[in-house]
Every structure is written in structure tokens, then in C-alpha cells.
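Student: I'd like to learn how to read a model like this one. Could we go through it feature by feature?

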Amino acid sequence: MKRYLRPLTLALACLLLAAAGYAAASGDSLISLSYLQKTFFPQAVQAGEKAGNELLQDTYNKAKADLDAAHTGSGDTGSYSDTLQSRTWSDGQIITMKTGAGFLMLEGSATVIHTGAVVDITAGEEVASGAALAQNHRYLVGENTDAAVTVRSGEAVLGVQGGYSLTPGKNKHTPFYDVRQADWYYEPVGYVYERGLFSGMSAHQFSPGLTMNRAMLMSVLHRLAGAPEVTGGPVFTDVPDGRWYAQAVRWGAAQGITSGAGAGTFNPGGNITREQAVAMMYNYAVKYMGLSVGSGADLSRFQDQDRVSEWARTAMSWAVENGIISGVRSGDVLTLEPRRSATRAEMATMLRAFCEKIL
């Protein structure tokens, strides 16, 4: 700003010099040259700089206000970003941008719908309207184009540069980048997360494809019961006091929900199989809640029904009858895969059905 003050200060100084010269020529002995140089001129220049600063500050404030208004646009949902600095967006939010705006996809899932051309700068090609965005790819909104980016996962991380407007998303959503609207487990994961039955493997990762272990499932059932405290009950040699799952396992054993893995052990870190999972839920309903059950479904339509362990047949028949487990279809073949480890996504789906249809 100082370079704009110099001409103004110089003009004031010239005027003051002229005034001083006139005073000296008129023989005014009351004004000495020393006074003019050491007092009058410095004070006058300082006053001129102050006046100039105030004038330029007013001009700057007005220009900034006009620029901010242009960036913000109309309404409360408009905004502007100077850089592609990352920001977290939530499920269902729609970020609408115009020609010249850019965005960078970092985490989660999102799609873009546009009226003209959106260029994937990283790949060097145009993006079809409705396409999913690729992680770590940068995009540019083309000429005469409106583009709307919709978040399709619980949360997503994108950088946006330029002007944009924002349409609100869902009131309730998970914080997970890896749970998308198109996933078959999207609703079940939201259900168990909202009710505090499941948390993620990290703050933003649910890890739906990871297998669930026996301690995890027993902890979920314990929370479902309200996390009651237990002072007695069977003790397993591999479940020491103080572990995060110790109370849940002790409670589950006391209620007859689990009898352990044999030889006085529970095997907390062992993967839970599909038949073990339905057996625990069956015991929860019958032994803990005292619910009555029907005759169960006929398992003969499942090609691998003979692989269901004898101790799990009643529970598996009950689970199929109540839609807790529906089997796995590959072409015309339907199987139960009872001894396969259950994934976290599968357990979320089974537990949602268990809560809605049994409890």
C-alpha cells in the first residue's frame, strides 16, 4: 500500500515547501528554517500519510467487500475456495460448480453430473456425466458447463477451488469413506453404527471385507443387551481380566450364549464363522431373552446344507426361517457356506435383521 502513498506524500511536501518559500520571501522572521526542517515538515508529512492511509483503507475495504460478495454468490449456501485444500464432506451433499472451477478427489466416493465437459486432468480425458470420481485425480469444469459432485459415501474428502454452492446432505450418516450408497451393506452398516453396536476399525474406515472375530461379536451382543456388569460366571483361560472383551465374554458364558471353543478356552481372536454367529444369536434370543421359536426352515435347498455342524443345525434353520441369513447364490447354486468366516459387512447385515425381526 505504501507505493500508492508516495505520490500523495510528495504532493503534500511540495505544497508545504511552496508555503515555506512564500513565508521566507515575505520576510516573516517568525518562521525559521530550522523549525521548518525539524518540526513543521515532519509533522505535516506524518499527517499527510495518516490521511492517505485512511483514504486508501476505505477504498480497500469497499473493494474487498465487493470481491467477497462476488465469491459468495447469492444465498447462504454459496462459497469460494482459493486453493484445493482438502475438506471433509458428508453423505448426500451436492457441490455445484461452474466453468473454471476445479476439484480433487482424495477419500471416499463421489459422482459428478454435468451439462458440458468435465476434464480429468490427471488422466488427460473427459469424464462422462454420472461417472464416479477416481481417488487422487484432479478435475476441471469446462467451458459453459455446470457440474454437480454428489458425495456417495458416509464421508468423503475433496479439495474444491473456485466458486461453488452446497446442497445439504443426509441428517444422519456414518463417518466411513469405505461404505458407499451402492454397496449392498450400506443400510445395515448405517443401522448398526447409529445404534452403537459397531464402530469402525479406525475413525473413517469400517473395513467391511475384514473378518469379524469371536470377541467382537460377543461384545456387540453384550452392548445390545445394555452392557450389563457380571461378577461371576465361567472363566476362560484365554480371556484375562481387564481385556476390552472380558466382561462381554464372561456375560455371554453366564447366559449360555457361548460355551467357548473347548478345553476351557474361548478363542477371542479366532474368526467367527457364519454358523457360530447364528448360533450365538439363536442362544441370545432363546436362552437370554426366553423367546419361543418356530419349527425352522428346510435347509435342503442349499447345496452345502450337509456342511452345517450338527450343533448349529437348529440355529441355522431358525436363522434362514427368519431371514437373518439368506445364503449365497452363484448362478443357479445356493449355498450357506456355514464354516466360512463372516465379514464385518455380513455381520452388520445379520445383526440388523436380528434386531428388526426378532428383538
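Student: Which residue forms a salt bridge with R340?

Tutor: In general, side chains of opposite charge can pair when their charged atoms come close. Here the criterion is a side-chain nitrogen of Lys or Arg within 4 Å of a carboxyl oxygen of Asp or Glu. The partner of R340 is E337, with 2.3 Å between the closest N and O atoms. E337 is partly exposed too, at 26%. The pair also belongs to a network of salt bridges that links R274, E337, R340 and E346.

Student: How many salt bridges turn up in the whole structure?

Tutor: Eight. One of them joins the side chains of K98 and D146, at 3.2 Å from N to O. K98 sits in the loop between strand 3 (94-97) and strand 4 (102-107), and D146 in the loop between strand 9 (137-141) and strand 10 (147-151), so the pair ties together parts that are 48 residues apart in sequence. Helices here are DSSP runs of H or I with at least four residues, strands are runs of E with at least two, and both are numbered from the N terminus. K98 is exposed at 55%, while D146 is partly exposed at 34%.

Student: And R195, which residue does its side chain meet in a salt bridge?

Tutor: That would be E194, at 3.9 Å from N to O. R195 is partly exposed at 47%, and E194 is partly exposed at 45%.

Student: Now for backbone angles. What is the phi of E337?

Tutor: As background, most residues other than glycine have a negative phi. E337 has a positive one, near 45°, and lies in the loop between strand 13 (333-335) and helix 8. N136 is another non-glycine residue with a positive value, near 65°. Its loop runs between strand 8 (131-132) and strand 9, and N136 is exposed at 52%.

Student: How many residues of helix 6 are buried?

Tutor: 11 of its 15 residues, so helix 6 is largely enclosed by the rest of the structure. The buried ones include R274, M280, Y282 and Y284. They pack against helix 4 (214-224), helix 5 (246-254), helix 7 (313-321), strand 12 (328-330) and helix 8 (344-357). As for length, the expected span of a helix is 1.5 Å times one less than its number of residues. Helix 6 (residues 274-288) reaches 20 Å between its first and last C-alpha, close to the expected 21 Å.

Student: Where does Q93 lie?

Tutor: In the loop between strand 2 (86-90) and strand 3, and Q93 is buried, at 14%. A contact means heavy atoms within 4.5 Å. Setting aside neighbours within four places in sequence, Q93 is in contact with V149, T150, V151, L166, T167, P168 and G169.

Student: Last one: what is the mean pLDDT of the protein?

Tutor: pLDDT is the predictor's confidence in each residue, from 0 to 100. The mean is 87, and 80% of the residues reach 70 or more. Residues 1-6 stay under 50, with eight contacts in the model beyond four places in sequence. Residues 15-29 are also below 50, and that stretch has eight contacts beyond near neighbours in sequence. Where pLDDT is low, the predicted coordinates should not be read in detail.

Terms used:
Residues numbered from 1 in each chain as written. Heavy atoms only, no water. Buried < 20%, exposed > 50% of the residue type's maximum accessible area, 1.4 Å probe, protein only.
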